[in-house]
Structures are given as C-alpha cells and as structure tokens.
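Open the model in your viewer and keep the sequence panel beside it. We will go from stop to stop, selecting a few residues each time.

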Amino acid sequence: MTAPHPIDQHIRQARVHPAVRAIVIPPCPESLLRLQQIMAAPELDAAALEQLAASDVALAAAVMRLANSPLYGLAQPVQTVGMALTVLGLRPSVELMSAFITRNALLVRSPLLDHFWESSQRRAIACEHIGHQLYNLDPGLGYSFGLFCHVGMPVLVKAVRGYASTVTEALARKDRTFTQTENANHRTDHAVMGAIVARTWHLPGDVAQAIWLHHDFACLNDERFDPTARHLVALGLLAEYLVNQHDNLPPTREWLEHGEACMQHLDVTQDELNHWIDELHPAFEAVRF
C-alpha cells in the first residue's frame, strides 16, 4: 500500500472537479505492480526479475538492445535476457523496465508525442545522475520524478478533445505559463493529472507532489512543502536543460526565468552542468524505444 501523504488530500479534491472526473486514469499495469513487489521484497529475487523481463517479447528486446548498445561496449553481444540483466545491473534494469512498461501503458498515437518518451527517459536519467551528485537526495526518486513528470500529457491527449492544440498554444504564449493556458482551456493541467497518475501507480508522495508543483517555482522557498519535493522540482528544470542541450534545443522560457534559482537551490554551478552534459551524452544516446 502507498503510505499517506499530504498530496493525497489535494488529489482527492482535484478528482471531484467535473473536468477531472470525466478523465479516465489508466490503472497501474500488472507488470509494474509485479516489478514494484519484486523491488520491495527484503531480498531481490533475480529469477523473478528475469521472468518478468522475459514475459513480454518487446520488453525483453528492449533490455537486450540496451545491453548490446555502445554504452556497454561488449566484445560479444548477449544472447539471453538473463545475461542482459547481468550486464545492465539491478537499478538500470529496473529503470528501463519501468520506463518501457509506463510508455506502453500510456501509449497514444499523436504527432505531439513523437519524441515524448525518449525525452522522458533522458530526463529521468539526468535526474538520477544529478541526484547522485547531491548526496541528500535518493537518485531513485529522481529517476521516478523525471520519468513521470509529464505523464499527464498523454493522458490528456487521449481524453480531452483539443488538448494537442492547447499544447501548441501554451508553448507559443508569452503572457502566461504553460499550465495557466491548460487550465484556461480545460480546467485542469498535465501537472495535476501527472500527480494523480503517480499516486494511482503507487509512486511515493514526494514524487507526486513534485510533479504537481514542477511548473510552480515559488515552491522552492515555501516550507509548507517537504524539502525532497522542492529539491525534485529544482532538479527537474536542471534535467530538462541538460536534455535540451543534448537535443540542440534552445533554453526554455522557464530555464531563462528560473534556472538560476534552481541552481542556487541545489548549490549547482554552470561548470557542473557543462560537465554533466558531456558525462550524460552516452546514456542519452543509448535511449531508443
């Protein structure tokens, strides 16, 4: 069971709003529940993890493809799922499986989402990497936050007529924030929907709260919120900057307005960011769905 968290009250209030009540939240996939159970056990059952990875042909192929990618530089390619899991290691295997299962559970055909999942996994990788450097944040929470940060978007694309046009409008407007445009058009936004999905799928409350707040940078200095959630919000903007640098995209308006505050919040320098761009390049390049 997911432990109670202050975000749960906000989610309950949001879910009774007519605009949200009409949206179907996909249930947590059985395979993700099984993966969470395996990871929660006192001792890791490697055989159960291998069985889960091998239970879906496409998932098995994704695991083996990453193990055989230039990122790992093997002299001979792996031939089995078990060998691939050994090459990847526990955490990377679990994270890849989580990303693959999440993508397939929320898969929506839309030009808007052409590169959505690649960017989501790169953001997750960047969040985890930065988390390792900070010492006061669980890198696994960083990965989960990065992966689920924008999952409200595919939910809204599927459920709400005209949402894709709203995204185009929100990206173009200079007079209000992305979520303000979403709320003006649909009475809800992808941050709220992402938090609902995160809790429905049994993610920790701090992750869900950070997803809810990830466009609200006033939270960085608001002590009503748990420090972990605030760290994740700052972490997310840094990760987005790193991914955009890799993809040769210009800095976002949010980065220009709030990047410095997020760097100060985490005590990170521009030199460190530049170094991480280089460090993360091989892992970013290995992301292929």
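Contact here means heavy atoms within 4.5 Å. Keep in mind that this is a predicted model.

**Stop 1**

Select L238. Which residues does L238 touch, not counting residues up to four places away in sequence? The list is I130, W255, C262, M263, L266, V268 and L273.

**Stop 1: helix α8 against α17**

Select residues 116–134 for helix α8 and residues 270–285 for helix α17. Their axes come within 11 Å and cross at roughly 135°. That angle makes α8 oblique to α17. The crossing of α8 past α17 is right-handed. Show the side chains that make the contact. On α8, pick R122, I125, A126, H129, I130 and Q133. On α17, pick W276, E279, L280, A283 and F284. Sorted by class, the contact of α8 with α17 holds 7 nonpolar, 2 polar and 2 charged residues.

Stay on α8 and zoom in on H129, which sits in this helix. Is H129 buried or exposed? H129 counts as buried, at 17% relative accessibility, because the cut-off for buried is under 20%. Setting aside neighbours within four places in sequence, H129 is in contact with W276, E279 and L280.

**Stop 2: helix α8 against α9**

Next, show the meeting residues. From α8 come S120, Q121, R123, A124, I125, C127, E128, G131 and H132. From α9 come P139, G142, Y143, F145, G146 and L147. In the contact of α8 with α9, 7 residues are nonpolar, 6 are polar and 2 are charged.

**Stop 3: an enclosed helix**

Select residues 152–159, helix α10. How many of the 8 residues of α10 are buried? The count is 6, so α10 is largely enclosed by the rest of the structure. Pick out the buried ones: G152, M153, P154, V155, L156 and V157. Now look for what covers these buried residues. The cover includes α8, α11 (163–172), α12 and α13.

**Stop 4: a threonine in α12**

Move to helix α12, residues 178–186, and select T179. T179 is buried, with a relative accessible area of 14%. Which residues are in contact with T179, leaving aside neighbours within four places in sequence? Show D189, H190 and H215.

**Stop 5: a meeting across the sequence**

Select I196, which lies in helix α13. I196 is buried, and its relative accessible area is 0%. I196 and A14 are 182 residues apart along the chain.

**Stop 6: two loop residues with positive phi**

Select H202, in the loop between α13 (190–200) and α14 (205–213). H202 is not a glycine, although its phi is positive, at about 70°. H202 counts as partly exposed, at 38% relative accessibility.

Finish with D267, in the loop between α16 (253–266) and α17. D267 is another residue other than glycine with a positive phi, in this case near 60°. Is D267 buried or exposed? At 66% relative accessibility, D267 counts as exposed.

Notes:
Residues numbered from 1 in each chain as written. Predicted model: local features only at pLDDT ≥ 70, side-chain atom pairs only at ≥ 80, totals over all residues. Heavy atoms only, no water. Axes fitted to C-alpha atoms, helices over the stretch in contact; angles between N-to-C directions. Helix = DSSP H or I, 4+ residues; strand = E, 2+ residues; numbered from the N terminus. Parallel < 35°, antiparallel > 145°, perpendicular 65-115°, else oblique. Left-handed = near helix turned anticlockwise from the far one by under 90°. Nonpolar A, V, L, I, M, F, W, Y, C, P; charged D, E, K, R; others polar. Buried < 20%, exposed > 50% of the residue type's maximum accessible area, 1.4 Å probe, protein only.
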